[in-house]
Structure formats: structure tokens, C-alpha cells
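Have a look at it first.

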Amino acid sequence: MRIERLWLTDFRNYAAADLELAPGLTVVLGRNGQGKSNLLEAVSYLATLGSFRGAPTDALIRAGADRAIIRAEGEREGRRLLIEVELARNGRHRVQLNRQRLRRNADLLGAFHCTVFAPDDLALLKEGPAVRRRYLDDALVALDPRREADQRELDRVLRQRNALLRQVGGRLDEAAALTLDVWDDKLATVGERVAGARHELVTELSPEVSLAYEHLAGRRHDLALRYERSWPAEPGLAAALAASRRDDVRRGVSTVGPHRDELAIELSGLVARACASQGEQRTLALALKLAAHRLVAAALGSPPLLLLDDVFSELDPQRCAALLAHLPAGQAMLTSADRMPTGSEPEHVYDVSDGRVTVRADSPLPHADGPISRAEGQSSQPAESLDHGAQTW
């Protein structure tokens, strides 16, 4: 999907906003704390029904408002598409696709894809394995929304198995053992499926990450990605669960499974998390995101929307220029705190100040009294709540 227009009502610090997105690059400029990232957050919410900052719903609704609305209009495979989300401070949220109720969230996940890179993505290198597992799982869902069902099932089985292990209090009777057998079978089945998909993805990602890193750093590096299971591939997870049962019962937690796996990243033969410099880690994080972006674009036949949030403040001038020179084809939005990034050739340019979006004077777009100037934050799309047919969650 390509988004052509975005409307916001009472989202974050926007009472109302209305802007067109370019088929290519849209640049959003403004000082820190004015609302630039909020625009990207709204766009990404339409793809994932979640904040890429991990923010709760209350934080997304403007102070003093009871609800927030995000609307986007565009096209996908030659067809018009309208996505609408209403976030409620009290009560259920609602979502519609072309004014129709969705049967499941996966229908929306398949309708629109985006890739986000933000300063917090440095956590991909700095923090623990859970962040890197989430990166792989998000990429798998972008490649095939049906993978979300496996991830939900894995979470459900682990919750139930861990609840049982806590309940027995270190002493497993016959009835509890039989129940644990059931959860072990389920965990072995879904766990092998999730780990296998992650392993295949890492194999596909490795050359793409190396290439993206080379483009950004300006020279080749010895870069290696490896998926490390928490159990031996042979004889498999079922055998590992049986072998760890006594320890699991004693500790009251599942000690093996995909929830304990790691995406190992090495640069020049050294563990990147511990040995890479700050600049190398930032470049690696961006290379990981760009590699997944390219895989999804190849699988879908068209690139996801690329959202780059204040990325240039985190990179040196050489890497900034390299990123712009190798920016993937397709639609992109980037934010910058102070000035137009050198070497960028945006089709649309906006200024943001205190939750107000205006067309920049030197933008190729019409401005001042032009048809899409939004100096007063007015929207041509009505701000009423969604129709009664929307899905609630």
C-alpha cells in the first residue's frame, strides 16, 4: 500500500492534522518535542495496531480528549484503500478497512506494511535477546501475517505451562505430570515451528545485512548473523523439554524453548553487543532494519513504507550521506530536528511546530494559500467517530 493522505484527530499533541505523503520521500522538519515523531507513530500504528515506542493508549490520546482518530487513504495493487482507527480512553478501540469490519487483526497486518527506524532501535544491539527475537518475529509477520498465529500460540502455551509449574510448587504429582505432558507436546510442536521459521529468516537476512552495512559504512566488514537455539537441534525440543523437566519444576519456569533463543551478531569475529563501537552499533541496527525491509519488499512485490525517525542525528555525516545514497526505492518519510538532510531530494516537505503541520516555503508542494496548506490544522476529512461496523478490541 502507498499512503497518499493522512488525517489525525486528537492524536498525541495534534488537535487536527491533514497532510499528503509523496510517492517518494516526504521530509518532516521541526525542533525536538514539536510532534514530528508523532506523525510517524500514527502511520506505523495503522500497520501494527501498536506504538513503535511501546506507548500505552492513554499516551496516544491528546490531553483533554476522550478519543483519537487516525485515518489514511491510499492505494494497494491499483485499488483504493482507507484505513481508520479510533482509540478510546474508556471503552473499546475500533478499526475499519474500507468502512468494513475486519474479521481479524491479521487482515489489517496484510493490508499495509511499514518499516520503522528510530533512535531506540539501538536496543537491537545493546539490550538482551528478547529485543532481537522480537525483531525476527516482526519481520516474519510482515513476510506472512499468518505467522502471528504461531506467535500467539507460543505465548499462550508458555503462559499455561509456566502457570502450572508455579502451581505445583516444586512437587509434581501424577495428575500434574499428565497435564504437563500435554503442554510439553504443544510447546514442542509450536516451538519447533517458530524456531525453524526464525532460523530460515536469519539465513535469508545474513547477506542482506552484510550488504546494507557495507553500503552504510563504506567498506566491507566481516559480519555474521547466527540463530542460536536454547536446545540441540537433534533430537529436538520434545527431548529437551523432557530432559529439563526436573529443573523446570524446581525453578517454576520453562528453561528451554524459542523464548530463550538468541540472534547472535558478530562483527570482525567479535560479539557486536559487547565489542562494537557506538557508531558501529548504530550502523548495524539500521542495517538490520533495512535488510528486513528489502526482504519484505521482495516477498510482497512492492516496498513497505519506510519511516526514519530522527536517524540523521544518530549517524556521522559520512553514514548519513551513504544512507541517502542507498535509500530503498519506494515511499519514505523521515524527520529531522534542525535542517534538510544534505543530499536528500524530497518531493514533499513539512514544518511541524507545537502540533501544527504546515507546508514548508521551499517545498515542491503548493503552500501559503495552496490547496493543502494546513496552517490552522484543519482537515478535509470529517472527524466523527468510526461507523458502527468497526472491529473492536
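Q: What makes a contact in the protein chain count, and how many of those between residues at least 6 apart in sequence join residues at least 24 apart?
A: A contact means heavy atoms within 4.5 Å. Among contacts between residues at least 6 apart, 71% join residues at least 24 apart.

A quick note on the ground rules: this is a predicted model, where local features need pLDDT of at least 70, side-chain atom pairs need pLDDT 80 or more, and totals for chains, interfaces and linings use all residues. Residues are numbered from 1 along each chain as its sequence is written, and side-chain values use heavy atoms, leaving out hydrogens and water.

Q: What share of the 393 residues counts as buried, and what does buried mean?
A: Buried means under 20% relative accessible area (1.4 Å probe, protein chains only). In the protein chain, 53% of the 393 residues count as buried.

Q: Which residues line the largest pocket nearest its centre?
A: Lining residues have an atom within 4 Å of a point. The largest pocket has 45 of them, with Thr48, Arg134, Tyr135, Asp137 and Asp138 nearest its centre. α5 gives the most, with 10 residues.

Notes: Buried means under 20% relative accessible area, exposed over 50%, partly exposed in between (1.4 Å probe, protein chains only). On a 1 Å grid over the protein atoms alone, a cavity is a set of points where a 1.4 Å probe fits but cannot get out, and a pocket is an open set with protein on both sides within 12 Å along at least five of seven lines; lining residues have an atom within 4 Å of a point. Helices (H or I, at least four residues) and strands (E, at least two) are DSSP runs, numbered from the N terminus.
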